[in-house]
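Walk through this model with me, one local feature at a time. Keep the sequence and the coordinates open together.

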Amino acid sequence: MSPVQAASSAAAASFAALEARLDYLNAAEIELVRQAYRFADEAHLGQLRKNGDPYITHPIAVAQQCTEWKLDAQALCAALMHDVLEDCGVSKADMAERFGPQITELVDGLTKLDKLELHSREQNQAESFRKMLLAMARDVRVILIKLADRTHNMRTMGDMPRSKWERISRETLDVYAPIAHRLGLNNNYRELQDLAFKHLHPWRYKALSKALEKSRSRRKDLIARVQGEVESAFRRHGIEVRILGREKTLYSVYRKMDQKHLSFAQVTDIYGFRIILPDLLDCYQALGILHQLYKPLPGKFRDYIAIPKMNGYQSLHTTLVGPFGTNIEFQLRTHTMDVVAESGVAAHWLYKASDPNSPASQDLNTQWLQSLLDIQQETHDAAEFWDHVKIDLFPDSVYVFTPKSRIMALPRGATAVDFAYAIHSDVGNRAIGAKINGEQAPLRSELNNGDVVEIITSPHARPNPSWLGFVKTGRARSKIRHHLKTLAEEESLALGERLLRQALRAEGIAALPPDDEAHQEVWEKLLRFTGNRHRGELLTDIGLGRRIASMVSKKLASLLSEMGQKPDLLLISQERFGAATEDQPSQGVVTLDGSEGTSVQYATCCHPIPGDRIIGYLGKGEGLVVHTDDCPHGVKLLHRDAERFIEVEWSEEPTRSFESAVVVTVNNGKGVLAKVAAALASAEADINHIYMGDEPAQSTTELRFVLAVRDRAHLAQVLRQLKRTPSVIRAQRVRPTRPGS
């Protein structure tokens with residue numbers, strides 16, 4: 001037999017084995033799967049795997065894995081053709097014409113993006129995962145096929161070059177195994193972990209495997225004795241059960257040894273039993289029987305029936321002290337729960353295959369799948385999207401309650417802010433505080449199982465950038481970033497419009513040309529000159545300091561003069577020579593009242609406050625930064641980058657208080673800090689920050705405060721109040737030092 005005939009025969013034998021598993025499909029569906037096989041076989045003709053087998057044997061193996069979950073004909077066709085678009089040059093249009101749009105979309109969801117559009121392997125990988133996860137949110141069959149694909153690749157990893165083992169195994173542990181767990185595919189989750197462990201740490205895997213084999217033979221009698229005693233106890237109570245032995249996977253044993261610094265002999269819960277019962281109430285009755293038979297280990301009971309895991313898993317877990325003091329875990333569940341526990345979202349098709357009218361639904365885990373789409377809408381960067389999603393793949397969860405007793409599952413370590421965004425993005429954006437179990441608590445408080453959480457909101461509140469430092473869920477992180485980014489863009493656009501309008505007045509044009517049809521050509525030419533896509537982007541760039549308003553205004557003025565709009569000479573002289581009256585100040589100055597938001601920053605080197613003479617610097621990408629006019633940092637920037645400075649002045653009525661740095665020298669003694677704090681409170685100055693240094697206490701100590709004051713007059717009043725305080729030697733405002741001095 002020639003090599004070509006042998007390859008063809010091997011492929012046919014593989015497909016025959018697959019066909020034997022299709023008894024749950026009707027004749028038309030089986031014919032559709034045959035067509036997909038023929039199409040894929042033709043597309044992969046001549047391609048071989050690393051071990052010399054025809055490449056088509058891999059898609060067939062992936063489809064066989066899918067038949068274990070009883071996936072429908074469309075999914076099996078997609079499994080057979082999952083590498084056709086990627087590797088064989090077949091177009092989406094050709095596939096759609098032969099197999100319809102649904103199968104084509106499934107295959108496309110599995111296909112990696114064209115590498116020509118990407119700049120690095122990391123970005124390529126992140127974009128590929130993003131595409132896969134979003135396709136999965138639309139149709140969960142995509143990830144089931146992808147997991148089957150990865151499982152077969154891991155099973156045949158021995159045929160791959162060893163140089164690829166670590167990367168692929170690490171990716172499997174970090175990405176695919178958590179997704180399998182998140183979707184409740186526990187069999188695949190355990191297998192992927194063990195296969196990744198085997199190829200990531202071959203020596204440790206081999207050593208641990210031998211130790212487990214020896215332990216299994218030593219404890220065989222113990223396991224048989226426990227099983228016999230448990231079966232007898234249930235027979236006496238007339239409960240029909242099915243008892244299955246369960247052994248920890250090698251990877252879970254290794255992880256426990258690694259995390260808790262244990263030897264193999266110290267891992268006592270390697271063996272356990274799964275008890276399958278007819279009805280839900282039987283599970284609780286069976287738990288009572290077990291607790292009478294063996295003593296339960298305190299703190300080791302978990303009721304995942306009353307409060308299911310995030311992936312739909314339901315079961316009772318208890319650890320009992322068996323014969324010879326051995327800890328043995330028991331899991332009690334019904335047959336329905338067992339199917340969901342082992343197959344997760346795939347249980348939908350398993351039920352459908354056995355009972356078309358079953359109420360079991362594909363809606364398992366739709367909450368998480370929908371959250372992927374929410375994150376996608378606010379995150380356009382692939383790597384950032386993947387970072388958000390990875391956060392949500394943590395398998396450990398805490399279960400907390402709303403005041404109306406609704407249960408919510410969150411990742412371990414989640415905070416009150418995560419809870420607020422899990423309820424609704426508006427609740428998160430408006431959160432100002434929280435009550436946990438009826439008591440006031442900071443928004444950064446970590447939540448524990450059973451906490452009752454209430455979020456306090458305010459209509460004027462907005463997300464705080466510092467929240468990004470402690471939130472745990474991808475949803476919260478993406479919502480906060482999206483809100484801050486949108487807010488910053490809106491504020492920068494408004495500032496950019498003010499700056500351009502002012503710069504245009506200096507060119508003799510009283511107002512910005514409207515964004516209408518008559519001025520469309522002017523705006524188009526200006527945007528071509530600046531390289532911006534639209535008017536809003538140009539104004540935002542000016543507000544962020546990426547474009548200089550005076551340069552843009554000169555170009556805009558020349559474009560308007562081409563249209564016949566002449567500059568107003570009187571306006572030019574007013575703007576350039578300060579002909580503004582006291583009643584009507586010059587429009588060339590930006591007036592600041594503290595309500596500007598993130599588009600204007602007050603420099604922390606000099607802490608300008610109303611009453612100070614100030615200058616404004618348009619930093620690239622950071623908006624307008626305000627310094628005092630004698631600030632050495634500001635002066636240095638002025639000499640280096642004069643065209644980026646604009647004239648700024650304080651409003652007559654600032655809308656908020658401003659930070660100012662103060663240093664207070666005191667005679668150290670009992671209660672001196674309390675006296676200083678009381679003096680500040682009586683002067684109506686809020687303490688935003690206090691620093692006392694790291695040196696040991698001395699007779700004379702400097703206390704440094706960042707205070708919130710209204711203006712210079714208020715600060716002077718605060719300093720007078722401090723100087724009158726007993727124990728205070730000196731109180732003065734902190735002035736910035738010259739760089740390098």
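Trp-650 is buried, at a relative accessible area of 13%; buried means under 20%, exposed over 50% and partly exposed in between, with a 1.4 Å probe and protein chains only. Tyr-602 is buried too, at 17%. The model is predicted: local features need pLDDT of at least 70, side-chain atom pairs count only at pLDDT 80 or more, and totals for chains, interfaces and linings use all residues. Residues are numbered from 1 along each chain as its sequence is written, and side-chain values use heavy atoms, with hydrogens and water left out.

How many aromatic pairs does the structure hold? There are 12. Rings of Phe, Tyr and Trp (its six-membered ring) pair if their centres lie within 6.5 Å; planes under 30 degrees apart count as stacked, over 60 as edge-to-face, and the rest as tilted. A pair of aromatic rings is described by the distance of the centres and the angle of the planes.

Take Phe-273 and Phe-330. Helices (H or I, at least four residues) and strands (E, at least two) are DSSP runs, numbered from the N terminus. Phe-273 is buried at 1%. Phe-330 also counts as buried, at 1% relative accessibility.

Now return to Tyr-602 and Trp-650. Their ring centres are 5.9 Å apart and their planes lie at 10 degrees, so this pair is stacked. Tyr-602 belongs to strand 13 (residues 600–602) and Trp-650 to strand 17 (residues 648–650), so the pair ties together parts 48 residues apart in sequence.

Elsewhere, Phe-197, Tyr-205, Tyr-251 and Tyr-254 form one aromatic cluster. A ring can also meet a charge. Arg-656 lies over the face of Phe-658, at 4.5 Å from the ring centre; the criterion is NZ of Lys or CZ of Arg within 6 Å of the ring centre and within 35 degrees of the ring normal.

Two strands pair if DSSP finds at least two bridges between them. Strand 9 (residues 431–436) is joined to strand 10 by 3 bridges. Ile-436 has Glu-439 of strand 10 as its bridge partner.

Then the helices. The axes of helix 2 (residues 27–43) and helix 6 (residues 92–110) come within 12 Å and cross at roughly 125 degrees. Axes are lines fitted to C-alpha atoms, for helices over the stretch in contact, and angles run from 0 to 180 degrees between N-to-C directions. Helix 2 and helix 6 are therefore oblique to each other.

Last, the backbone. Most residues other than glycine have a negative phi. His-607 has a positive phi of about 45 degrees. His-607 lies in the loop between strand 13 and strand 14 (614–619), and is buried at 12%. Glu-684 has a positive phi near 65 degrees. Its loop runs between helix 27 (672–682) and strand 19 (686–691). Is Glu-684 buried or exposed? At 56% relative accessibility, Glu-684 counts as exposed.

Definitions and conventions: Angles under 35 degrees count as roughly parallel, over 145 as roughly antiparallel, 65 to 115 as roughly perpendicular and the rest as oblique.
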